[in-house]
Amino acid sequence: MSTGTLALIILAAILAQVAAAVLIGFRRRRKEHQEPGVRGAPPAISPHTPPTAATRTPAALPAWEGFREFTVQRREYEDANRTVCSFYLAPVDGKPLPPFRPGQFLTFRLSVEDPETRELGTVIRCYSLSDAPRPDHYRVSIKRVPAPPGHPDAPPGLASGFFHDRVHEGSRLLVRAPSGHFHLQEDEPLPIVLIGGGIGITPMLSILDYVLGQGDRREVWLYYGVRNGNEHIMKERLLGLAGTHAGFHLHVCYSAPRENDVEGVDYQHCGRIDMALLRNTLKLMRYQFYVCGPRPLMESLVPALEAWGVDSGDIHYESFGPAALPKHGKTAPVAAPSAGPATITFSRSGRRIDWDPAAGSLLGLAEANGIEVMSGCRVGSCGSCQTALSAGEVEYSQDPDAEIAPGHCLPCIATPRGDLTLEA
Ligand SMILES: Cc1cc2nc3c(=O)[nH]c(=O)nc-3n(C[C@H](O)[C@H](O)[C@H](O)COP(=O)(O)OP(=O)(O)OC[C@H]3O[C@@H](n4cnc5c(N)ncnc54)[C@H](O)[C@@H]3O)c2cc1C
């Protein structure tokens with residue numbers, strides 16, 4: 001064999017080895033990409049994990065596509081009544097969690113048994129993150145929803161009941177990435193006023209934990225309204241924060257205190273959160289206001305803040321149920337009063353139905369006529385009612401939080417701009 005041939009053979013062998021190494025590396029990386037992590041128990045979480053900086057990526061961009069699997073690492077009741085339970089969720093793939101913007105929510109896809117038919121069905125619900133962003137876990141705090149007053153025979157809340165009764169340590173849940181336009185505004189470091197009524201406190205807790213945890217020097221006022229000590233969640237933690245952060249001003253309001261609730265100890269004010277309280281306790285200066293709570297609180301406080309002279313751009317609010325108020329600077333009610341009648345074609349059901357403003361959202365129209373459209377939050381947040389719009393245009397009563405695919409719409413917050421066709 002000549003020296004030249006030998007050199008060629010050696011070169012070919014080296015090239016083959018390099019090619020094999022590259023191929024193996026590529027396969028490994030592709031596998032990691034396709035199977036995002038090891039199945040089995042993810043690392044234990046600690047409630048004391050230091051918070052991470054909030055994301056600054058646009059709120060509309062999800063941190064992961066679709067649903068990711070999480071394990072419930074811990075659950076903990078937060079109130080004396082045991083109606084609010086916190087769930088600590090760690091990703092099954094064990095990879096660090098992307099940060100979120102304090103105030104945002106998670107969307108869950110649950111497989112829940114229908115109380116009447118006993119059949120399993122998919123239920124989509126949103127729950128606000130109730131903690132600062134942390135690399136190893138998320139926390140949500142969920143209130144059990146009973147049948148509405150005056151309807152004792154109605155079935156209790158499906159998803160909240162499922163969480164309370166069926167979700168335990170070790171349960172697996174499918175979760176969409178944090179999203180939502182309601183979040184802490186970090187561009188302008190104004191003092192912050194957080195107003196949370198009932199379970200509407202959850203996004204406020206996230207903002208509060210984040211701001212205090214970052215050593216942010218902004219002053220924070222928290223107004224938290226509940227009926228009495230039975231419903232007061234995270235009482236010791238909030239008192240502890242108020243005791244250790246001079247810039248944090250805690251105002252808990254009990255609307256119906258129990259005999260053993262002591263004003264000045266358990267709570268600060270008797271009554272509901274109202275403008276008189278805000279006027280008496282806030283200094284005259286510019287703030288960023290964040291409001292979340294039951295419908296009457298939102299309907300009374302948000303317009304009252306504007307009437308007090310607060311710029312609408314400094315008032316941020318979110319409803320947990322069907323929109324009580326138009327959102328994000330939009331002033332149109334659910335259907336603009338000028339909206340004319342329209343004919344809606346539901347192409348899959350083969351139905352043509354007349355709509356007028358009294359019919360409300362397109363989801364309401366479909367449901368009232370027995371046309372099945374899957375739905376979740378009913379406030380444009382979860383995206384589960386997304387439906388293809390094959391002709392015509394819609395108008396939204398508020399900016400949708402969910403991303404909408406081209407040629408689709410969210411019927412839960414949409415009204416028609418003339419005749420249209422929905423693929424439902
Ligand atoms: C962005 C966002 C964030 C949220 N964050 C939180 C949070 O942090 N914590 C939290 O606890 N919640 C939060 N929510 C609310 C949550 O998503 C659910 O809406 C809530 O848990 C109720 O859902 P459910 O499935 O338990 O009740 P559902 O089954 O939807 O029932 C709702 C109500 O309707 C009643 N009902 C059901 N069927 C009938 C019937 N046939 N006739 C009469 N009444 C009936 C039920 O009894 C119940 O009172 C949030 C919502 C949104 C949109």
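Student: Is Ser 206 buried or exposed?
Tutor: This is a predicted model, and in it Ser 206 is found in helix α3. The cut-off for buried is under 20% relative accessible area. Ser 206 has 0% relative accessibility, so it counts as buried.

Student: Which residues does Ser 206 touch, leaving out those up to four places away in sequence?
Tutor: Ser 206 sits in α3, and residues up to four places away in sequence are not counted here. What remains is Phe 100, Pro 102, Gly 103, Leu 129, Ser 130, Asp 131 and Ala 132.

Student: How many of the 12 residues of α3 are buried?
Tutor: Go along the helix and you find Thr 202, Pro 203, Met 204, Leu 205, Ser 206 and Ile 207 among the buried residues. Leu 208, Asp 209, Tyr 210, Val 211 and Leu 212 are buried too. So α3 is largely enclosed by the rest of the structure, and the count of buried residues is 11 of the 12.

Student: How far apart are the end C-alpha atoms of α3?
Tutor: Helix α3 covers residues 202-213, and at 1.5 Å a residue its 12 residues should span 16 Å. The model agrees with that, as the end C-alpha atoms are apart by 16 Å.

Student: What about helix α2: which of its residues are buried?
Tutor: Helix α2 runs over residues 158-166. Cover for its buried residues includes the strands β1, β2, β3, β4, β5 and β6. The buried residues themselves are Ala 159, Ser 160, Gly 161, Phe 162, Phe 163 and His 164.

Student: Pro 91 is in one of those strands, so what separates its C-alpha atom from that of Val 175?
Tutor: Pro 91 is found in strand β2, and at 4% relative accessibility it counts as buried. Val 175 is 84 residues apart from Pro 91 along the chain. Their C-alpha atoms are separated by 9.4 Å.

Student: Where does Arg 82 lie, given its positive phi?
Tutor: Most residues other than glycine have a negative phi. Arg 82 has a phi near 55°, and at 52% relative accessibility it counts as exposed. Its place is the loop between β1 and β2.

Student: Met 234 has a positive phi as well, so is it buried or exposed?
Tutor: Met 234 has a phi of about 50° although it is not a glycine. It lies in the loop between β8 and α4. With a relative accessibility of 9%, Met 234 counts as buried.

Student: Which residues are in contact with Val 373, leaving aside neighbours within four places in sequence?
Tutor: Val 373 is in the loop between α7 and β15, and it is buried, with a relative accessible area of 14%. Leu 363 is 10 residues apart from Val 373 in sequence and 7.1 Å apart in space, C-alpha to C-alpha. The contacts of Val 373 are Leu 363, Ala 366, Cys 385, Thr 387, Pro 411 and Ala 424.

Student: How far apart in space are Ser 300 and Asp 274, C-alpha to C-alpha?
Tutor: Ser 300 is found in helix α6 and is partly exposed, with a relative accessible area of 42%. In sequence, Ser 300 and Asp 274 are 26 residues apart. In space the C-alpha distance is 8.0 Å.

Student: How much space lies in the largest cavity?
Tutor: The structure holds two cavities of 30 Å³ or more. The lining of the largest cavity includes Asp 79, Lys 143, Tyr 224 and Glu 231. That lining divides into six nonpolar, two polar and three charged residues. The space in the largest cavity is about 80 Å³.

Notes
Residues numbered from 1 in each chain as written. Predicted model: local features only at pLDDT ≥ 70, side-chain atom pairs only at ≥ 80, totals over all residues. Heavy atoms only, no water. Helix = DSSP H or I, 4+ residues; strand = E, 2+ residues; numbered from the N terminus. Expected span 1.5 Å × (residues − 1). Buried < 20%, exposed > 50% of the residue type's maximum accessible area, 1.4 Å probe, protein only. 1 Å grid on protein atoms, 1.4 Å probe; cavity = no way out; pocket = protein on both sides within 12 Å on 5 of 7 lines; lining within 4 Å. Points joined across faces, edges and corners; volume = space filled by probe spheres on them. Nonpolar A, V, L, I, M, F, W, Y, C, P; charged D, E, K, R; others polar. Contact = heavy atoms within 4.5 Å.
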